[in-house]
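Here are a few quick notes to go with the model. Have the viewer open while you read.

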Amino acid sequence: MQTIVVTVLLLLIGDFLSTFFYHVPEHVFGKFHTLVHHGKNRSFIHYAVLSHNPLVILDGFLGALPYFIFVPYAWKISPTGTILALILGEFHVIWRHASIINWQTPKAIAFCCQLLFITTPERHLQHHQNAQLAYGDIFTFYHVPAIAWMQFLLNLKQKYRQISNR
Ligand SMILES: [Zn+2]
Ligand SMILES: [Zn+2]
């Protein structure tokens, strides 16, 4: 039981921090993630950790960092749950980019994902095509607050520009 709680919590917290403190701000203020993650002509290999492009590795590393912050704490409660979370997180990164190799999620799996609010490759592809859509790398329920957060940061950016243009 403890194992499952630790696994789910690590993934929940990791995706939360990654979405709200890296992914959304990157879309508002940065160019880095957009270039690397949303660029055209991306092959599946580019997304995989095997990529030799240091920028892709850095983007992946920054995005993955939030998953590692709580590892020392989680480890004390359940090493198995911690390892499981990292394996599942890693697996999900590769799987959600499988659309590039024309992967189609079987209906039964897609249905389970919908029940559990888990992002499918089809849903994540929407985000690659339109950066306003489908936030939440792992969990779909982060999308709505992520858009609100994005709007807030965009307003902030605009206000800052107005002030600095005076
Ligand atoms: Zn992606
Ligand atoms: Zn993005």
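Two residues count as in contact here if their C-beta atoms, placed from the backbone, lie within 7 Å.

1. What covers its buried residues includes α2 (32-38), α4 (54-69), α5 (71-77), α6 (79-96) and α9 (143-165). The buried set itself is Val6, Thr7, Leu10, Leu11, Gly14, Asp15, Ser18, Thr19, His23, Val24 and His27.

2. On confidence: this is a predicted model, with an average pLDDT of 87 and 92% of the residues at 70 or above. Take care with helix α3 (residues 44-47), which has the lowest mean pLDDT of the elements, 48. Helix α7 (residues 107-116) sits at the other end, with the highest, 96.

3. Back to the geometry of α1. This helix has 28 residues (2-29) and reaches 39 Å from first C-alpha to last, close to the expected 40 Å. There's still a bend of about 40 degrees at Thr19, one of the buried residues of α1.

4. The largest nonpolar core holds seven residues: Val6, Leu10, Leu11, Tyr67, Ala74, Ala85 and Ile138. Of the contributors, α1 gives the most, three residues. Tyr67 is worth a click: leaving out residues up to four places away in sequence, Tyr67 touches Leu10, Gly14, Leu86 and Gly89.

5. Overall, you're looking at nine helices and zero strands. The radius of gyration is 17 Å, close to the 15 Å from the globule rule for 166 residues, so the protein is as compact as a globular protein of that length. The C-alpha trace spans about 60 × 40 × 35 Å along its principal axes, and buried residues make up 25% of the 166.

Methods:
Residues numbered from 1 in each chain as written. Chains lettered and ligands numbered in written order. Predicted model: local features only at pLDDT ≥ 70, side-chain atom pairs only at ≥ 80, totals over all residues. Helix = DSSP H or I, 4+ residues; strand = E, 2+ residues; numbered from the N terminus. Expected span 1.5 Å × (residues − 1). Bend = angle between axes of the 7 residues up to and from the residue. Buried ≥ 20, exposed ≤ 12 C-beta atoms within 10 Å, placed from the backbone. Core = buried A, V, L, I, M, F, W, Y, C linked by C-beta atoms within 7 Å. pLDDT = per-residue confidence, 0-100. Rg over C-alpha atoms; globule rule 2.2 N^0.38 Å.
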